Amino acid sequence: MVKNSFISIIPKEKKEENRGSVEFQVFTFTNKIRRLTSHLELHKRDFLSQRGLRKILGKRQRLLAYLSKKNRVRYKKLIGQLDIREPKTR
């Protein structure tokens, strides 16, 4: 497994300034999700990692829902940058 295979979209200067921003949190969750997904492809029966993945997915989903309510333009831009598909609405 390659640890540094994910490319940072956010510049290094902005990372240190905006670590609490919604965009940065979603970005870090997305990197964790991709890393856990590649881990689970090798270790299919690692149930604790599956649980952790589901928890991170839920956190990211809640943050994206918050961002889509507060600022639709920033939400669309983030979805496009991270190449995350938009969740289905009921």
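Guide: Some terms come before the description. Angles between axes count as roughly parallel under 35 degrees, roughly antiparallel over 145, roughly perpendicular from 65 to 115, and oblique for the rest. The axes are lines fitted to C-alpha atoms, for helices over the stretch in contact, and the angles run from 0 to 180 degrees between N-to-C directions. Helices (H or I, at least four residues) and strands (E, at least two) are DSSP runs, numbered from the N terminus.

This is a predicted model, in which local features need pLDDT of at least 70 and side-chain atom pairs count only at pLDDT 80 or more, while totals for chains, interfaces and linings use all residues. Residues are numbered from 1 along each chain as its sequence is written, and side-chain values use heavy atoms, with hydrogens and water left out.

The chain has four helices and zero strands. The part to look at is the pairing of α2 with α3. Their axes come within 9 Å and cross at roughly 155 degrees. The two helices are therefore roughly antiparallel to each other. Their crossing is left-handed, a term used if the near helix is turned anticlockwise from the far one by less than a right angle, with right-handed for clockwise.

A contact means heavy atoms within 4.5 Å. On the α2 side, the residues that meet α3 include Val22, Val26, Phe29, Ile33, Leu36 and Leu40. On the α3 side, those that meet α2 include Gly52, Leu53, Ile56, Lys59, Arg60 and Leu64. The residues of this contact divide into 13 nonpolar, seven polar and four charged. Here Ala, Val, Leu, Ile, Met, Phe, Trp, Tyr, Cys and Pro count as nonpolar, Asp, Glu, Lys and Arg as charged, and the others, Gly among them, as polar.

Glycine 52 lies in α3 and is partly exposed, with a relative accessible area of 22%; buried means under 20%, exposed over 50%, and partly exposed in between (1.4 Å probe, protein chains only). Glycine 52 and lysine 32 are 9.9 Å apart, C-alpha to C-alpha, and 20 residues apart in sequence. Lysine 59, also found in α3, is partly exposed at 39% relative accessibility. Lysine 59 and phenylalanine 29 are 30 residues apart in sequence, with 8.1 Å from C-alpha to C-alpha.

Valine 26 touches Arg60, Leu63, Leu64, Leu78, Leu82 and Ile84, not counting residues up to four places away in sequence.

Next to this pairing, α3 packs against α4 at an angle of about 135 degrees, with the axes 6 Å apart. That makes α3 oblique to α4. Leu64, Leu67, Ser68 and Lys70 in α3 meet Arg72, Arg74, Tyr75, Leu78 and Ile79 in α4.
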